[in-house]
Amino acid sequence: DDAYLVTHALAKHTLSQLRDVETEQVSFRKGLVKLGRICGYEIIDGRMETEYVEIETPLETTMGEQVRGLDDVVIINVLRAATPFVEGLLKAFPRARQGVISASRDEEAGREEDGSFPITIDYVKLPEITEDDTVIVADPMLATGSTMCAVLDHITDNSVEPENLIVLSAVSAPDGLLRVDDEFPEADLLTVSIDDKLDDDGFIVPGLGDAGDRAFR
Ligand code: PRP
């Protein structure tokens, strides 16, 4: 329903390293893992609640706190760039169930008149989603929003409405955020940076280039 920025200093630091054209593949991948972990912690801090529990220390009984809902988390990996990002998220949510969706922009077809891209979905495997779940859909780049909207269409068509639906990206463009927010007002949009704009090819500017290529090729 709103766009939230991940403002942790280490998130900005790590994203800046990812933007740097000199950051080579191994460091790029590691940076995405680190950013995923930080974003996971930020989700816990900002979107989840703690409850008091009795804890037995080796000396006495005391009150401790635990995060509610940590066992009801589903992380959806939008292939391919999200893979290292999700690896980081899993450090914050080790018990998360995972889904995978292969969705990509048909760049040869070019952008439609409204600026969106046609999206091809090739492979989908999702765990069952319940109404207690926090579902995190992770994709480091949210450009025109075409990929995310196709992914969310698929998820919402095939499952009940979860307690929290979080769209997590590292860099996003204003157009993409507006589109996803417009089509899925129930989703919370979380991103480390809202960049200036999209270029004519639909790349985020200044952005970080093609995250999939930089991590994998
Ligand atoms: C990139 C990126 C997003 C998508 C964002 O993926 O990882 O999934 O584009 O663009 P959009 O918001 O305009 O849809 P790409 O299609 O290049 O696939 P890849 O991850 O396999 O490289």
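Predicted model: local features only at pLDDT ≥ 70, side-chain atom pairs only at ≥ 80, totals over all residues.
Glu186 sits in the loop between helix 5 (174-183) and strand 10 (188-194). Helices (H or I, at least four residues) and strands (E, at least two) are DSSP runs, numbered from the N terminus. Glu186 is exposed, because 11 other C-beta atoms lie within 10 Å. The cut-offs are these: a residue is buried with 20 or more other C-beta atoms within 10 Å of its own, exposed with 12 or fewer, and partly exposed in between; C-beta atoms are placed from the backbone.

Residues are numbered from 1 along each chain as its sequence is written. The mean pLDDT (the predictor's confidence in each residue, from 0 to 100) of the protein chain is 95, and 99% of its residues reach 70 or more. For the complex, the predictor gives an ipTM of 0.95 and a pTM of 0.95.

Arg80 lies in the loop between strand 4 (73-79) and helix 3 (82-92). Arg80 counts as partly exposed because 16 other C-beta atoms are within 10 Å. Contact here means that two C-beta atoms, placed from the backbone, lie within 7 Å. Beyond residues up to four places away in sequence, Arg80 touches Gly212 and Phe216.

Another cis bond joins Val205 and Pro206, with omega about 0°. Pro206 belongs to the loop between strand 12 (204-205) and helix 6.

**Two strand residues**

Met141 is in strand 8. Met141 is buried, because 26 other C-beta atoms lie within 10 Å. Setting aside neighbours within four places in sequence, Met141 contacts Ala81, Ser169, Val171, Ile204 and Ala211.

Val124 is in strand 6 (residues 119-125). Val124 is partly exposed, since 15 other C-beta atoms fall within 10 Å. With neighbours within four places left out, Val124 contacts Ile101 and His154.

The table lists C-alpha separations for three pairs.

| Pair | Places apart along the chain | C-alpha separation |
|---|---|---|
| Met141 and Val171 | 30 residues | 5.3 Å |
| Arg80 and Ala103 | 23 residues | 8.4 Å |
| Val124 and Pro206 | 82 residues | 31 Å |

**The nonpolar core**

In soluble globular proteins, nonpolar side chains tend to be buried together. A nonpolar core is a set of buried Ala, Val, Leu, Ile, Met, Phe, Trp, Tyr and Cys residues joined through C-beta atoms within 7 Å. The largest one here has 57 residues, and those with the most contacts inside it are Ile75, Ile76, Ile136, Val137 and Ala138. Helix 2 (residues 25-47) gives the largest share of this core, 7 residues. Take Ala138: not counting residues up to four places away in sequence, its contacts are Ile75, Ile76, Asn77, Val78, Ala82, Phe85, Val86, Leu89 and Leu168.

**Around the ligand**

Which residues are the closest to the ligand? They are Ser104, Ala143, Thr144, Thr147 and Gly212, from a shell of 20 residues. A residue counts as near a molecule or strand if its C-beta atom, placed from the backbone, lies within 6 Å of it. Strand 5 (97-105), strand 8 (141-142), helix 4 (146-158) and helix 6 (211-216) each give two or more residues to this shell. The largest share, 3 residues, comes from helix 4.

By class, the shell has 8 nonpolar, 8 polar and 4 charged residues. Ala, Val, Leu, Ile, Met, Phe, Trp, Tyr, Cys and Pro count as nonpolar, Asp, Glu, Lys and Arg as charged, and the others, Gly among them, as polar.

Helix 4 has 13 residues and reaches 19 Å from its first C-alpha to its last, close to the expected 18 Å. That expected span is 1.5 Å times one less than the number of residues. Its buried residues are Ser146, Thr147, Met148, Cys149, Ala150, Val151, Leu152 and Ile155.
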